[in-house]
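Subject: Structure for your review

Dear colleague,

Please find the structure below, together with its sequence. I would be grateful if you read the notes after it with the structure open beside you.

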2 protein chains.
Amino acid sequence: MSLIVQKFGGSSVKDAQRIRNVAGIIAETYLAGNDVIVVLSAQGDTTDDLIAKAEEINPHASKREMDMLLSTGEQISVALCAMALEAMGLPCVSLTAWQVGIQSTAVHSDARIKKIDSERIQAELDQHRIVIVTGFQGVDRNGDVTTLGRGGSDTSAVALAAAFRADLCQIYTDVDGVYTTDPRIVPNAKKLEEITYDEMLELASQGAQVLHNRSVELAKKFRVNLEVVSSLERKPGTKVKEVTKVEKTNIAGVAKDTSIARVALIGLQHNPGVAFQVFDLLSKHNINVDVILQSIGREDTKDITFTVHKKDLEESQKVLEEHKEALKFDHIETDESIGKVSIVGAGLMSNCGVAARMFEALYEAGINIQMINTSEIRVSVLLDEEDVNRAVRAIHDKFFGDL
Amino acid sequence: MSLIVQKFGGSSVKDAQRIRNVAGIIAETYLAGNDVIVVLSAQGDTTDDLIAKAEEINPHASKREMDMLLSTGEQISVALCAMALEAMGLPCVSLTAWQVGIQSTAVHSDARIKKIDSERIQAELDQHRIVIVTGFQGVDRNGDVTTLGRGGSDTSAVALAAAFRADLCQIYTDVDGVYTTDPRIVPNAKKLEEITYDEMLELASQGAQVLHNRSVELAKKFRVNLEVVSSLERKPGTKVKEVTKVEKTNIAGVAKDTSIARVALIGLQHNPGVAFQVFDLLSKHNINVDVILQSIGREDTKDITFTVHKKDLEESQKVLEEHKEALKFDHIETDESIGKVSIVGAGLMSNCGVAARMFEALYEAGINIQMINTSEIRVSVLLDEEDVNRAVRAIHDKFFGDL
C-alpha cells in the first residue's frame with residue numbers, strides 16, 4: 001500500500017462534470033489499495049470572479065482581506081469533490097488549511113509554508129478516508145488565513161507529500177506532461193518521459209507553465225517523486241526525479257518567456273559597489289531581477305542592463321529615478337518588446353557544443369541576439385519579442401528535428 | 001461608549017452597492033464612538049447557488065460537506081464588507097466562526113452555539129477595530145465547520161451580544177420593524193415601537209418572518225436588548241425587550257402561516273399513552289408538531305389531529321404508516337390546503353374578550369374555523385388556506401381598524 005498525493009488544478013475541477021472525472025481518478029487510486037491525499041485549486045474562474053467582486057468594492061483592499069475572500073474558492077472545490085466521492089460511496093473528508101494545520105508565514109497573498117501538522121490528516125487516513133485538502137492556502141500563527149501566491153496549490157501538494165513521506169505526488173493538469181517546448185508553437189514538440197528536478201526548475205523559471213518552480217524546489221529538497229500527468233486522458237505523464245536516464249539529446253527542452261522587460265541604467269559612475277546598490281534597492285522593493293549584463297559605456301562610465309517582469313517595470317523605473325542622485329547614473333532606458341528563449345539540459349555546460357548549436361540555429365534563422373545568460377544547465381538569449389516564437393521553432397528543430 | 005452588535009441579512013449585502021450602504025451604517029455607529037461587532041449572512045443568492053452546485057454533483061451530500069460548502073458564503077460577505085470599510089479608511093477585521101471560536105454542537109446543518117471564546121474579538125476591539133463576523137456558522141469540537149440552520153445569523157448576532165454583554169443588538173432587515181401584521185396583506189398594518197420577547201416569540205413562531213424564534217429565545221434568556229431596524233431607510237425600528245409600555249390595544253399583532261399541513265389519525269384505540277407514542281415517534285424523526293387536537297371518534301375510538309410543516313408531511317405519513325400496527329389506528333387523513341392565523345399579545349389571556357373579538361371578526365367575514373389552539377399570549381385558528389389572507393385582514397381590522 002502506498003500513499004499518493006494527487007493535485008488537481010482549477011480547470012480540472014471547473015464544473016460538475018470535471019469534478020466527477022477527478023473523483024473517478026481518485027477513486028481508481030484509492031480502490032487500488034492506496035492511501036490518497038487530494039489537493040485542489042479553486043474552480044475555473046472562481047478566483048477571478050472573487051477578485052472582480054473585491055475590485056468593485058475596493059481596488060486597494062488589504063491583502064489580509066483578499067486572502068480571506070479568495071480562500072473560499074478552494075473550500076468550495078474540496079466540499080464539492082467530497083460530495084462527488086460520497087456519491088460513489090467512498091469514505092472521504094474535505095479539510096481546509098486551518099483544519100489540517102498548514103502553518104504559514106504571515107505574508108498575506110505570498111505566504112510560505114512553515115510546517116504541516118500531521119494529526120488530523122493521519123487520523124483521517126487511519127480511518128481509511130480519502131482526505132481532500134484546500135491547496136493554495138495556509139494559516140498564520142495569529143489564526144489568519146493566508147494564500148501562498150503563484151504556484152501555491154502545487155506547493156501545497158508537494159509540501160503534503162513531503163510531510164507525509166508520500167510515495168508519489170501527482171500533479172494533474174490539462175496537458176499530459178512536460179514537453180521539449182510549447183506544443184502550441186512547435187507542433188512536433190516531444191513529451192519527456194523523465195526530467196530532473198534541476199532541469200524542471202530551469203524550465204519552470206524560464207517560462208514553462210506546467211509546474212511552478214517553488215513546488216519543484218520543494219520537491220527537490222525533500223526528494224518528492226513528482227509526476228506531471230493529464231486529468232483528461234489516461235496516459236503516462238512526465239516523471240520529475242533526481243536523476244534520469246541518459247538520453248540521446250543533450251537538452252531537455254526549449255522554453256520561452258515574453259513577460260519580461262529590459263531596463264538599462266546608462267552612464268553609471270565607476271563607484272565600487274554600484275551594482276550591489278542597484279540590486280539591493282530593487283530587492284528591497286520585492287522586484288525580482290533576471291538576466292543582468294554590465295558593460296563599459298561611453299566616456300569612462302558603465303551601463304548596467306537587466307530584465308524584470310513586465311508588471312514590475314513601472315515600479316523599477318520609479319524606484320531607480322528616486323535614487324538617481326545616490327546611484328549617480330545618467331538616464332534609464334527601457335524596452336518592453338523583448339522576449340527570452342532558453343534551452344535547458346542537465347549535461348548542457350559540460351558539453352560546450354550545445355550552446356554553439358543554439359546560436360547557430362538563431363544565426364540560420366536570421367535572429368539577432370541582444371543578451372546572453374547562462375547557468376550550469378541553461379542557456380538563455382534575449383531577443384526582440386517578435387522573434388521569440390520563430391526562435392523557439394528554429395532551436396527546437398535544431399535539437400529535436402530529427403527525432 | 002457602548003458596544004453594539006449589528007446584524008445584516010443576505011439581501012442587505014447582496015451586491016457592491018448594498019455592501020457600501022451597510023458599511024455606511026457601521027461607520028456611522030463606529031464614528032459615534034461605539035465599539036461595533038458586525039454579523040453578516042451570505043450575499044443574496046449565494047447560498048442557493050452553492051446548493052445548486054452541490055445538487056448537480058450529489059443530491060444526497062452529507063451535511064458535513066454541505067456545511068463546509070455553504071459556510072464559504074458568509075466568509076465572502078465579511079471579507080467584502082471589511083474591504084468596503086477599509087475603503088472608508090476605518091480599522092476593521094473580518095473573522096470566521098472558527099477564528100472567533102464560536103463553538104457549537106456537532107449537529108451539521110442545525111448546530112447549536114455552546115460557547116463563544118472572547119479572546120480574539122476582545123483583542124481586536126481593544127485595538128479599536130470594527131469586528132466583522134460570519135453569521136450562521138460555528139465550529140465543533142473536532143474543528144469541523146457547522147451551520148446553525150434557520151435563523152442562524154440572527155442567533156449568531158444575539159449570542160455575540162450576550163457573550164460580550166453588548167448594550168444593543170440591532171437586526172437590520174429589508175423591512176423597517178415588526179408590524180401588527182404583514183403589510184403586503186393589510187396595507188394599513190402598523191409598525192410597533194416596542195414588543196416583548198414573549199410576543200415576538202409567538203409572532204415569530206406563528207409565521208412572522210422578521211426574526212427567528214431561536215434568536216428571540218436566546219435574547220430573552222440573556223436579556224439582550226434587540227432592535228429590528230431597516231438597512232435601507234434611516235428611521236426607528238422596533239425594540240424587543242422584557243416589558244413594554246401598556247398600549248391601548250390588547251394585542252401586538254396578527255400572524256399567518258401557510259406552510260403547515262394537517263394530519264389526522266382516525267380511529268385510534270383507547271390505549272393509555274397513545275398520544276405519547278405518536279408524538280414521541282415523530283419527535284424521534286425530528287418532525288416538529290404544532291397544533292394538536294384530540295377528539296372522540298366514531299364507535300368508541302378517538303382521533304388525533306395535528307399540524308406539521310408541509311415539508312415534513314410525507315415523512316410523517318411514512319413513519320406513522322410503518323407503526324400502524326403498534327399505534328392501532330384505522331387510517332390517516334391529510335390536508336395540505338390549510339393555514340393558521342394567530343393573534344399575539346402580552347395581555348391576551350387575562351382579557352377574555354380578546355379571543356371572542358377574533359372569532360367575531362371571522363364570523364362576520366363568513367370564515368369557518370377548523371381548529372383552535374391557545375397559549376398564554378396567543379390564540380391561533382386553523383382555516384382553509386384560501387381564507388387566510390381574508391382572515392388576517394378581518395382580524396386586523398377588528399383590532400387595529402380604528403387606529
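This is a predicted model: local features need pLDDT of at least 70, side-chain atom pairs count only at pLDDT 80 or more; totals for chains, interfaces and linings use all residues.

I begin with the interface between the two chains. Chain A contributes 42 residues that are in contact with 42 residues of chain B. Between them, chain A and chain B bury about 3,400 Å², and 59% of that area is on carbon and sulfur atoms. On the chain A side, the residues that lose the most area to chain B are A:Ile57, A:Met83 and A:Trp98. Together these residues account for 21% of what that side buries.

The next topic is charge pairing. Side chains of opposite charge can pair when their charged atoms come close. Two salt bridges are counted between chain A and chain B. A salt bridge joins A:Arg120 to B:Asp144, with the closest N and O atoms 2.8 Å apart. Over all chains, a search of the whole structure finds 54 salt bridges. Within chain B, B:Lys7 forms a salt bridge with B:Asp154, where the closest N and O atoms are 2.9 Å apart. B:Lys7 belongs to strand E1 (residues 3-8) of chain B and B:Asp154 to helix H6 (residues 152-163) of chain B, so this pair ties together parts that are 147 residues apart in sequence.

I turn now to a helix pair in chain B. Helix H2 (residues 46-57) of chain B packs against helix H3 (residues 63-87) of chain B at an angle of about 150°, and their axes are 9 Å apart. Because angles over 145 degrees count as roughly antiparallel, H2(B) is roughly antiparallel to H3(B). The crossing of H2(B) past H3(B) is right-handed. Residues of H2(B) that meet H3(B) include B:Leu50, B:Ile51 and B:Ala54, while B:Met66, B:Leu69 and B:Gly73 are among those on the H3(B) side. By class, this contact of H2(B) with H3(B) has six nonpolar, four polar and no charged residues.

The second pair is also in chain B. Helix H12 (residues 353-364) of chain B and helix H13 (residues 388-400) of chain B have axes that come within 9 Å and cross at roughly 130°. H12(B) and H13(B) are therefore oblique to each other. H12(B) passes H13(B) in a right-handed crossing. Among the residues making the contact are B:Arg357, B:Met358 and B:Glu360 of H12(B), and B:Ile395, B:Lys398 and B:Phe399 of H13(B). The contact of H12(B) with H13(B) has eight nonpolar, no polar and four charged residues.

Yours sincerely

Terms used
Residues are numbered from 1 along each chain as its sequence is written. Chains are lettered from A and ligands numbered from 1 in the order in which they are written. Side-chain values use heavy atoms; hydrogens and water are left out. Axes are lines fitted to C-alpha atoms, for helices over the stretch in contact, and angles run from 0 to 180 degrees between N-to-C directions. Helices (H or I, at least four residues) and strands (E, at least two) are DSSP runs, numbered from the N terminus. Angles under 35 degrees count as roughly parallel, over 145 as roughly antiparallel, 65 to 115 as roughly perpendicular and the rest as oblique. A crossing is left-handed if the near helix is turned anticlockwise from the far one by less than a right angle, and right-handed if clockwise. Contact means heavy atoms within 4.5 Å. Ala, Val, Leu, Ile, Met, Phe, Trp, Tyr, Cys and Pro count as nonpolar, Asp, Glu, Lys and Arg as charged, and the others, Gly among them, as polar. Buried area is the accessible area (1.4 Å probe) that two parts lose on being put together, summed over both. A salt bridge is a side-chain nitrogen of Lys or Arg within 4 Å of a carboxyl oxygen of Asp or Glu.
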